[in-house]
Amino acid sequence: MKHCREYKKQKPQQRGCRALCCSCRLSVSSSEEAENSNSDRFASISSLAHAMVQERLDQMIRERHKARQVERRRLKRDQGTKFIVMVAMETCSYEPSEDFRESMVQMIMANRLEDPRDLRSLLNYYMSMNSQECHGIILQAFHEVCTNLFLCCRCH
């Protein structure tokens, strides 16, 4: 309030353009001088207004970008990290392919694995915990399980 009173007390030629925050001064002059100074002033006011609009647009873009980043982080946090406890047991089997299939189905269903990264981790676990002689059987069983669980579910 005090600032407004001081502003009104100033002489017209000392007042600055407060609305646009620039240093242009209001003054009384002859018509010829007014035309020249008005065109310069309007050009500077126009470029100032343009700069203000550009700054606001840039600010809006930054805010939207930041909001998207926050949303992505929230989604990642909500998905969380799945901790799967697996216990490896040494067994002798007459049907290793069937045993691997059953084990994989149980792991996928119990932990509700659907994400390709989670499935890849499961496969890597089976590969790392078993001898190289079993890798072919594991890959075949994994392919069959994923085909049966995921492709058949999409058909319905």
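Tutor: Glu144 is partly exposed, at 25% relative accessibility; the classes are buried (under 20% relative accessible area), exposed (over 50%) and partly exposed (in between), computed with a 1.4 Å probe and protein chains only. The model is a predicted one, in which local features need pLDDT of at least 70 and side-chain atom pairs count only at pLDDT 80 or more, while totals for chains, interfaces and linings use all residues. Residues are numbered from 1 along each chain as its sequence is written, and side-chain values use heavy atoms, with hydrogens and water left out.

Glu144 forms a salt bridge with Arg101, and the closest N and O atoms are 2.4 Å apart. Arg101 belongs to helix α3 and Glu144 to helix α5 (residues 135-155), so this pair ties together parts that are 43 residues apart in sequence. Helices here are DSSP runs (H or I, at least four residues), numbered from the N terminus. A salt bridge requires a side-chain nitrogen of Lys or Arg within 4 Å of a carboxyl oxygen of Asp or Glu.

Arg101 also meets the side chain of Glu98 in a salt bridge, at 2.8 Å from N to O. Both Arg101 and Glu98 lie in helix α3, three residues apart, which is about one turn of the helix. Arg101 is partly exposed at 21% relative accessibility, and Glu98 is partly exposed at 31%.

With a relative accessibility of 18%, Ser97 counts as buried. Apart from neighbours within four places in sequence, Ser97 is in contact (heavy atoms within 4.5 Å) with Ile137 and Ala141.

Arg112 has a positive phi of about 50 degrees although it is not a glycine. Most residues other than glycine have a negative phi. Arg112 is exposed, with a relative accessible area of 69%.

A further salt bridge joins Asp115 and Arg117, whose closest N and O atoms are 3.0 Å apart. Asp115 is partly exposed at 28% relative accessibility, whereas Arg117 is exposed at 60%. The search of the whole structure finds four salt bridges, and those described here include Arg101 with Glu98, Arg101 with Glu144 and Asp115 with Arg117.

Terms used
Helix = DSSP H or I, 4+ residues; strand = E, 2+ residues; numbered from the N terminus.
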